[in-house]
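This briefing treats one protein chain, beginning with a single local contact and then widening to the chain as a whole. Please consult the sequence and the structure shown here alongside the text.

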Amino acid sequence: RRAIADFDAARRLAPGHGDAADRSGRCFDALGKAEASLGSDPRASWQRAVADFTEACARRGESADLVGRRGDVRVRLGQAEQARNADPREFYRQAIADYDAALRADPALTSRQANRGQAFWLIGKREEAAGRDARDSFRRAIADYDEVLRREPANAMAWVNRGAAWATLARVQDARGEDPRESQRRALADLGEGIRLAPGDA
């Protein structure tokens, strides 16, 4: 909290400088994580982090790092909303827009591609729970993980996450009268590869 106060003071002294807003956003993000780990409500801290990253983008431009960080915080905000039985989808959509911007600035950012895949998957899970057709969201998640694995074939977490996306797609396909067997096979293959690459995490 002292660091946040220092960054606020720096912004008052140099209001046109984006570094203080960026660093303040990182501090509020870290504070939100600490609050969440202690069972406290982290949403106010994460909302402040989003506002700070937005200010930094306005002053320094939408760099891949800044908008990617803002997307990560928006995903966490969505998860916090969902944990409190609120609709998180708008946060996930905003996160996807941030990841789109990050990937336009730096198409090689596989971490942001993976995070966008997670956001699509989270939207799909919410749609499925509400009885909506989630197949498109799960397919978009799979497409992002396809690209991550094209660039990083030894990324065990991407294999596992794509396997989870195939599995949820299969479940929705089955519920909607579509043959799920190919998706089920792909889910098992991806999960098996993830376990092979990182057996200690299984």
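A polar atom of the Ser63 side chain lies 3.1 Å from the backbone nitrogen of Leu66. Such a polar contact is a pair of N or O atoms within 3.5 Å; within protein, one must be able to donate a hydrogen and the other to accept it, and residues adjacent in sequence count only if both atoms are side-chain atoms. The model is predicted: local features need pLDDT of at least 70, side-chain atom pairs count only at pLDDT 80 or more, and totals for chains, interfaces and linings use all residues. Residues are numbered from 1 along each chain as its sequence is written, and side-chain values use heavy atoms, with hydrogens and water left out.

- Ser63 is placed in the loop between α3 (43–60) and α4 (64–83); helices here are DSSP runs of H or I with at least four residues, strands are runs of E with at least two, and both are numbered from the N terminus.
- Ser63 counts as partly exposed because its relative accessibility is 30%, where buried means under 20% relative accessible area, exposed over 50%, and partly exposed in between (1.4 Å probe, protein chains only).
- Between the C-alpha atoms of Ser63 and Ala141, 78 residues apart along the chain, the separation is 23 Å.

**Two helix residues**
- Arg93 belongs to helix α5 (residues 89–105), and with a relative accessible area of 40% Arg93 is partly exposed.
- Arg93 and Gly71 are 22 residues apart in sequence, and their C-alpha atoms are 9.4 Å apart in space.
- Ala21 sits in helix α2 (residues 19–37) and counts as buried, since its relative accessibility is 0%.
- Ala21 and Phe138, 117 residues apart along the chain, have C-alpha atoms separated by 35 Å.

**The chain as a whole**
- The chain contains nine helices and zero strands.
- Along the principal axes, the C-alpha atoms fill a box of roughly 60 × 35 × 30 Å.
- Of the 202 residues, 44% count as buried.
- Among contacts (heavy atoms within 4.5 Å) with a separation of 6 or more, 59% join residues 24 or more positions apart.
- The accessible surface comes to about 10,400 Å², and 50% of this area belongs to carbon and sulfur atoms; the areas come from the Shrake-Rupley method with a 1.4 Å probe, and for residues only the protein chains shown count as cover.
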